[in-house]
Amino acid sequence: MRAFVAVGQLESFKLAARELLRTQPAVSLAISQLEDSVGVKLLERTTRKVLLTTEGEHFMPVAARLIRDFDAALSDLNATSERRSGHVSLAVLPSVATRLLPEVCRQFSEEFPGISVHMIDDNSRGIEQRLARNEVDFGIGGRSPGRSDLDYRLLLEDRIELICHRDHPLAQEQGPIEWAQLYGQRFLDSGLHNLTKAQDLIGKTQYEFSTTTLLFAMLKANFGVTVLPSLAAQNADPVLVSRPLIEPEDTRAIYLITKKGWSLSPAGEAMIETILQIIPAMIRRLELENVEVRFSDADFKDLITFPTGAAPGG
(Lines give C-alpha, C1' and ligand atoms only; values in the text may rest on other atoms or scores of the structure.)
Protein backbone atom coordinates (compact mmCIF):
# COMPACT_ATOMS: atom_id res chain seq x y z
CA MET A 1 0.00 0.00 0.00
CA ARG A 2 2.90 2.38 0.74
CA ALA A 3 4.37 1.52 -2.65
CA PHE A 4 1.03 2.24 -4.36
CA VAL A 5 0.65 5.64 -2.66
CA ALA A 6 4.24 6.64 -3.42
CA VAL A 7 4.01 5.64 -7.12
CA GLY A 8 0.58 7.25 -7.49
CA GLN A 9 1.76 10.54 -5.99
CA LEU A 10 5.13 10.69 -7.77
CA GLU A 11 3.90 9.09 -11.01
CA SER A 12 7.20 7.18 -11.23
CA PHE A 13 8.45 3.79 -10.05
CA LYS A 14 12.00 5.13 -9.99
CA LEU A 15 11.19 8.11 -7.79
CA ALA A 16 8.96 5.99 -5.54
CA ALA A 17 11.74 3.42 -5.09
CA ARG A 18 14.15 6.19 -4.11
CA GLU A 19 11.70 7.62 -1.56
CA LEU A 20 10.95 4.20 -0.08
CA LEU A 21 14.63 3.19 -0.06
CA ARG A 22 13.82 0.08 -2.05
CA THR A 23 14.75 -1.23 -5.47
CA GLN A 24 12.54 -0.45 -8.44
CA PRO A 25 11.72 -4.16 -9.09
CA ALA A 26 10.68 -4.53 -5.43
CA VAL A 27 8.26 -1.61 -5.74
CA SER A 28 6.88 -2.98 -9.00
CA LEU A 29 6.36 -6.39 -7.37
CA ALA A 30 4.56 -4.83 -4.40
CA ILE A 31 2.15 -3.01 -6.74
CA SER A 32 1.48 -6.20 -8.68
CA GLN A 33 0.75 -8.10 -5.46
CA LEU A 34 -1.67 -5.38 -4.33
CA GLU A 35 -3.49 -5.40 -7.68
CA ASP A 36 -3.71 -9.21 -7.59
CA SER A 37 -5.08 -9.03 -4.07
CA VAL A 38 -7.85 -6.51 -4.84
CA GLY A 39 -8.57 -7.90 -8.31
CA VAL A 40 -8.44 -4.60 -10.21
CA LYS A 41 -5.76 -2.59 -11.99
CA LEU A 42 -4.77 0.48 -9.97
CA LEU A 43 -1.99 1.98 -12.15
CA GLU A 44 -1.58 2.53 -15.90
CA ARG A 45 2.02 2.19 -16.95
CA THR A 46 3.18 4.22 -19.97
CA THR A 47 6.63 4.76 -21.41
CA ARG A 48 6.93 8.20 -19.83
CA LYS A 49 5.02 8.03 -16.53
CA VAL A 50 2.58 6.11 -14.41
CA LEU A 51 -1.03 7.20 -14.05
CA LEU A 52 -3.82 6.15 -11.71
CA THR A 53 -6.73 4.20 -13.15
CA THR A 54 -10.27 5.21 -12.20
CA GLU A 55 -10.23 2.57 -9.48
CA GLY A 56 -6.77 3.78 -8.39
CA GLU A 57 -8.00 7.37 -8.07
CA HIS A 58 -10.86 6.21 -5.83
CA PHE A 59 -8.56 4.08 -3.71
CA MET A 60 -5.71 6.62 -3.37
CA PRO A 61 -7.25 8.80 -0.56
CA VAL A 62 -8.41 5.69 1.28
CA ALA A 63 -4.94 4.13 1.13
CA ALA A 64 -3.26 7.36 2.20
CA ARG A 65 -5.61 7.69 5.19
CA LEU A 66 -5.05 4.05 6.21
CA ILE A 67 -1.29 4.57 6.15
CA ARG A 68 -1.57 7.75 8.23
CA ASP A 69 -3.80 5.98 10.77
CA PHE A 70 -1.45 3.00 10.90
CA ASP A 71 1.60 5.21 11.43
CA ALA A 72 -0.23 7.20 14.11
CA ALA A 73 -1.23 4.00 15.91
CA LEU A 74 2.35 2.74 15.87
CA SER A 75 3.57 6.10 17.10
CA ASP A 76 1.10 5.96 20.01
CA LEU A 77 2.27 2.45 20.89
CA ASN A 78 5.89 3.57 20.78
CA ALA A 79 5.10 6.55 22.98
CA THR A 80 3.38 4.28 25.48
CA SER A 81 6.21 1.75 25.54
CA GLU A 82 8.75 4.56 25.96
CA ARG A 83 6.60 6.09 28.73
CA ARG A 84 5.97 9.31 26.83
CA SER A 85 2.22 8.78 27.14
CA GLY A 86 -0.21 6.48 28.88
CA HIS A 87 -2.41 6.22 31.96
CA VAL A 88 -2.00 4.68 35.40
CA SER A 89 -4.59 4.24 38.16
CA LEU A 90 -3.90 3.29 41.76
CA ALA A 91 -5.77 2.94 45.06
CA VAL A 92 -3.89 3.96 48.20
CA LEU A 93 -4.43 4.15 51.95
CA PRO A 94 -5.26 7.76 52.95
CA SER A 95 -2.30 7.96 55.34
CA VAL A 96 0.12 6.93 52.59
CA ALA A 97 -1.56 9.18 50.03
CA THR A 98 -1.37 12.33 52.16
CA ARG A 99 2.05 11.81 53.72
CA LEU A 100 4.14 10.22 50.98
CA LEU A 101 2.53 10.51 47.56
CA PRO A 102 2.51 14.30 46.94
CA GLU A 103 6.29 14.25 46.45
CA VAL A 104 6.01 11.05 44.39
CA CYS A 105 3.46 12.69 42.08
CA ARG A 106 5.55 15.86 41.75
CA GLN A 107 8.61 13.95 40.59
CA PHE A 108 6.55 11.59 38.44
CA SER A 109 4.92 14.49 36.56
CA GLU A 110 8.33 16.05 35.93
CA GLU A 111 9.81 12.84 34.57
CA PHE A 112 6.72 11.53 32.73
CA PRO A 113 4.63 14.60 31.77
CA GLY A 114 2.64 12.69 29.14
CA ILE A 115 1.28 10.05 31.53
CA SER A 116 -2.04 10.76 33.26
CA VAL A 117 -2.67 9.51 36.80
CA HIS A 118 -5.92 8.53 38.53
CA MET A 119 -5.54 8.10 42.29
CA ILE A 120 -8.16 6.84 44.77
CA ASP A 121 -7.81 6.80 48.54
CA ASP A 122 -9.55 3.88 50.23
CA ASN A 123 -9.22 1.49 53.15
CA SER A 124 -7.37 -1.80 52.70
CA ARG A 125 -10.47 -3.86 51.99
CA GLY A 126 -11.67 -1.35 49.39
CA ILE A 127 -8.26 -1.36 47.71
CA GLU A 128 -8.33 -5.14 47.40
CA GLN A 129 -11.86 -5.07 46.00
CA ARG A 130 -10.93 -2.44 43.40
CA LEU A 131 -8.00 -4.58 42.28
CA ALA A 132 -10.19 -7.68 42.04
CA ARG A 133 -12.62 -5.73 39.82
CA ASN A 134 -9.76 -4.43 37.62
CA GLU A 135 -10.59 -0.83 38.52
CA VAL A 136 -6.96 0.07 39.28
CA ASP A 137 -3.54 -1.08 38.10
CA PHE A 138 -2.15 -1.57 41.61
CA GLY A 139 -2.75 -0.60 45.20
CA ILE A 140 -0.88 0.30 48.37
CA GLY A 141 -2.57 -1.01 51.50
CA GLY A 142 -2.85 -3.69 54.15
CA ARG A 143 -3.31 -7.41 53.64
CA SER A 144 -6.48 -9.36 54.30
CA PRO A 145 -6.05 -13.01 55.26
CA GLY A 146 -7.05 -15.68 52.78
CA ARG A 147 -6.79 -13.73 49.51
CA SER A 148 -5.24 -15.89 46.80
CA ASP A 149 -6.06 -13.67 43.81
CA LEU A 150 -3.64 -10.88 44.74
CA ASP A 151 0.14 -10.57 45.09
CA TYR A 152 1.53 -8.66 48.07
CA ARG A 153 5.01 -7.14 48.32
CA LEU A 154 5.96 -5.62 51.66
CA LEU A 155 6.83 -1.92 51.42
CA LEU A 156 6.74 -0.38 54.88
CA GLU A 157 5.96 -1.00 58.51
CA ASP A 158 4.79 1.72 60.88
CA ARG A 159 4.20 1.47 64.60
CA ILE A 160 0.73 1.44 66.14
CA GLU A 161 0.14 4.38 68.51
CA LEU A 162 -2.55 5.54 70.90
CA ILE A 163 -4.40 8.70 69.77
CA CYS A 164 -6.58 10.69 72.15
CA HIS A 165 -7.59 14.23 73.08
CA ARG A 166 -4.97 16.22 74.99
CA ASP A 167 -7.42 16.50 77.91
CA HIS A 168 -7.98 12.75 78.12
CA PRO A 169 -6.46 11.13 81.25
CA LEU A 170 -4.25 8.85 79.11
CA ALA A 171 -2.74 11.94 77.46
CA GLN A 172 -1.39 13.00 80.81
CA GLU A 173 0.75 9.87 81.02
CA GLN A 174 4.41 10.33 80.21
CA GLY A 175 6.05 7.70 78.04
CA PRO A 176 4.52 4.57 76.53
CA ILE A 177 1.01 3.31 77.27
CA GLU A 178 0.34 -0.36 77.90
CA TRP A 179 -2.42 -1.93 75.83
CA ALA A 180 -4.10 -3.16 79.01
CA GLN A 181 -4.71 0.48 79.99
CA LEU A 182 -7.13 0.80 77.06
CA TYR A 183 -9.50 -1.79 78.52
CA GLY A 184 -12.70 -0.12 79.67
CA GLN A 185 -12.02 3.05 77.64
CA ARG A 186 -14.54 4.13 75.00
CA PHE A 187 -12.63 2.74 72.03
CA LEU A 188 -13.22 4.22 68.57
CA ASP A 189 -12.36 1.49 66.08
CA SER A 190 -10.72 2.60 62.81
CA GLY A 191 -10.89 -0.91 61.35
CA LEU A 192 -7.42 -1.66 62.67
CA HIS A 193 -8.57 -3.24 65.94
CA ASN A 194 -9.12 -6.72 64.53
CA LEU A 195 -5.64 -6.72 62.98
CA THR A 196 -3.70 -5.84 66.12
CA LYS A 197 -1.84 -8.34 68.27
CA ALA A 198 -3.48 -6.92 71.40
CA GLN A 199 -7.13 -6.93 70.28
CA ASP A 200 -8.18 -9.03 73.29
CA LEU A 201 -6.77 -6.41 75.65
CA ILE A 202 -9.10 -3.75 74.24
CA GLY A 203 -12.30 -5.72 74.56
CA LYS A 204 -15.42 -5.37 72.45
CA THR A 205 -15.70 -2.13 70.48
CA GLN A 206 -18.95 -0.18 70.25
CA TYR A 207 -18.02 2.48 67.69
CA GLU A 208 -16.40 1.81 64.33
CA PHE A 209 -15.44 4.26 61.57
CA SER A 210 -14.41 3.53 57.99
CA THR A 211 -12.71 6.90 57.41
CA THR A 212 -10.42 9.01 59.56
CA THR A 213 -12.43 12.21 58.93
CA LEU A 214 -15.25 11.24 61.29
CA LEU A 215 -12.86 9.39 63.58
CA PHE A 216 -10.77 12.54 64.12
CA ALA A 217 -13.94 14.58 64.72
CA MET A 218 -14.92 12.20 67.51
CA LEU A 219 -11.41 12.29 68.99
CA LYS A 220 -11.36 16.10 68.89
CA ALA A 221 -14.63 16.06 70.84
CA ASN A 222 -12.86 13.90 73.46
CA PHE A 223 -15.44 11.20 72.88
CA GLY A 224 -12.99 8.30 73.15
CA VAL A 225 -9.58 6.94 72.18
CA THR A 226 -8.25 4.99 69.23
CA VAL A 227 -5.10 3.38 67.90
CA LEU A 228 -3.60 4.35 64.54
CA PRO A 229 -0.39 3.67 62.61
CA SER A 230 2.26 6.38 62.79
CA LEU A 231 1.62 7.63 59.25
CA ALA A 232 -2.07 8.22 60.04
CA ALA A 233 -1.28 9.65 63.47
CA GLN A 234 0.94 12.29 61.84
CA ASN A 235 -2.18 13.76 60.21
CA ALA A 236 -3.99 14.27 63.49
CA ASP A 237 -5.23 17.65 64.78
CA PRO A 238 -3.05 19.68 67.22
CA VAL A 239 -5.61 19.07 70.00
CA LEU A 240 -4.84 15.35 69.74
CA VAL A 241 -1.80 13.61 71.14
CA SER A 242 -0.17 10.26 70.43
CA ARG A 243 1.56 7.86 72.75
CA PRO A 244 3.58 4.75 71.88
CA LEU A 245 1.94 1.46 72.84
CA ILE A 246 3.81 -1.42 74.45
CA GLU A 247 3.23 -4.92 75.80
CA PRO A 248 3.03 -5.85 73.04
CA GLU A 249 4.63 -3.39 70.64
CA ASP A 250 2.71 -3.65 67.37
CA THR A 251 3.19 -2.51 63.77
CA ARG A 252 1.14 -2.23 60.60
CA ALA A 253 2.46 -3.74 57.39
CA ILE A 254 1.87 -1.81 54.16
CA TYR A 255 2.09 -3.69 50.87
CA LEU A 256 2.23 -2.90 47.19
CA ILE A 257 -0.62 -5.03 45.84
CA THR A 258 -1.14 -6.28 42.29
CA LYS A 259 -3.58 -8.70 40.76
CA LYS A 260 -2.07 -12.14 40.32
CA GLY A 261 -1.21 -12.82 36.68
CA TRP A 262 -1.84 -9.19 35.72
CA SER A 263 0.78 -7.48 33.54
CA LEU A 264 1.57 -3.89 34.37
CA SER A 265 1.52 -1.26 31.63
CA PRO A 266 4.69 0.78 31.03
CA ALA A 267 2.93 3.67 32.78
CA GLY A 268 2.23 1.46 35.81
CA GLU A 269 5.83 0.29 35.93
CA ALA A 270 7.02 3.90 35.78
CA MET A 271 4.81 4.89 38.72
CA ILE A 272 5.96 1.95 40.86
CA GLU A 273 9.61 2.70 40.08
CA THR A 274 9.07 6.31 41.16
CA ILE A 275 7.33 5.23 44.38
CA LEU A 276 10.12 2.85 45.32
CA GLN A 277 12.80 5.45 44.62
CA ILE A 278 11.10 8.35 46.45
CA ILE A 279 9.56 6.78 49.56
CA PRO A 280 12.81 5.96 51.45
CA ALA A 281 14.06 9.54 51.00
CA MET A 282 10.64 10.91 52.03
CA ILE A 283 10.65 8.92 55.27
CA ARG A 284 14.13 10.21 56.10
CA ARG A 285 13.25 13.80 55.22
CA LEU A 286 10.04 13.80 57.26
CA GLU A 287 11.93 12.18 60.15
CA LEU A 288 9.31 9.46 60.51
CA GLU A 289 11.17 7.48 63.16
CA ASN A 290 8.33 4.99 63.63
CA VAL A 291 8.10 4.12 59.92
CA GLU A 292 10.57 1.65 58.42
CA VAL A 293 11.28 0.72 54.81
CA ARG A 294 11.04 -3.05 54.34
CA PHE A 295 11.81 -3.64 50.67
CA SER A 296 14.69 -3.84 48.24
CA ASP A 297 14.82 -4.02 44.44
CA ALA A 298 15.06 -7.82 44.70
CA ASP A 299 11.49 -7.89 46.00
CA PHE A 300 10.28 -6.36 42.73
CA LYS A 301 12.57 -7.92 40.14
CA ASP A 302 9.72 -10.03 38.71
CA LEU A 303 7.47 -6.97 38.44
CA ILE A 304 9.67 -4.12 37.17
CA THR A 305 13.28 -3.48 36.21
CA PHE A 306 15.06 -0.72 38.10
CA PRO A 307 17.21 1.71 36.15
CA THR A 308 20.93 1.20 36.74
CA GLY A 309 21.97 2.82 40.01
CA ALA A 310 18.40 3.68 40.96
CA ALA A 311 17.61 0.77 43.28
CA PRO A 312 15.83 1.80 46.48
CA GLY A 313 17.33 1.63 49.90
CA GLY A 314 15.98 -0.62 52.58
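Helices, taken as runs of at least four residues, and strands, taken as runs of at least two, are those that DSSP assigns, and both are numbered from the N terminus. In this predicted model, the span of residues 1–53 is 60% helix and 11% strand by that assignment. The chain as a whole is divided into three parts, namely domain 1 (1–77), domain 2 (83–156 + 252–304) and domain 3 (158–251).

- The centres of domain 1 and domain 3, taken over C-alpha atoms, are separated by 74 Å.
- For residues 1–53, an unreviewed UniProt entry gives the feature "domain: HTH lysR-type", and in the model the end C-alpha atoms of this span lie 15 Å apart.

**Strand β6 and its partners**

- Strand β6 runs over residues 150–165, and it is largely enclosed by the rest of the structure because twelve of its 16 residues are buried, a term that here means under 20% relative accessible area.
- With strand β12 (residues 251–259), β6 pairs in the antiparallel sense over nine bridges, and one of these places R159 with T251 as its bridge partner in β12.
- Strand β11 (residues 240–246) is also paired with β6 in the antiparallel sense, over five bridges, with V241 in β11 as the bridge partner of C164.
- Strand β10 (residues 226–229) runs antiparallel to β6 and is joined to it by four bridges, and V227 in β10 stands opposite L162.
- Three bridges link β6 and β13, again in the antiparallel sense, and here the bridge partner of E157 is E292 in β13.

**The residue E292**

- E292 belongs to strand β13, which covers residues 291–293, and it is partly exposed because its relative accessible area is 41%, a value that falls between the limits of 20% for buried and 50% for exposed.
- When neighbours within four places in sequence are left aside, E292 is in contact with L155, L156 and E157, and E157 is also the residue with which E292 is paired as a bridge partner.
- The side chain of E292 makes a polar contact, at 3.0 Å, with the side chain of R294.
- Although E292 and R159 are 133 residues apart along the chain, their C-alpha atoms are separated by 8.9 Å.

Key: Residues are numbered from 1 along each chain as its sequence is written. This is a predicted model: local features need pLDDT of at least 70, side-chain atom pairs count only at pLDDT 80 or more; totals for chains, interfaces and linings use all residues. Side-chain values use heavy atoms; hydrogens and water are left out. Domain bounds come from an automatic or database domain assignment. Buried means under 20% relative accessible area, exposed over 50%, partly exposed in between (1.4 Å probe, protein chains only). Contact means heavy atoms within 4.5 Å. A polar contact is a pair of N or O atoms within 3.5 Å; within protein, one must be able to donate a hydrogen and the other to accept it, and residues adjacent in sequence count only if both atoms are side-chain atoms. UniProt positions are given in the numbering used here, feature names are shortened, and annotations may be inferred rather than shown by experiment. Two strands pair if DSSP finds at least two bridges between them.
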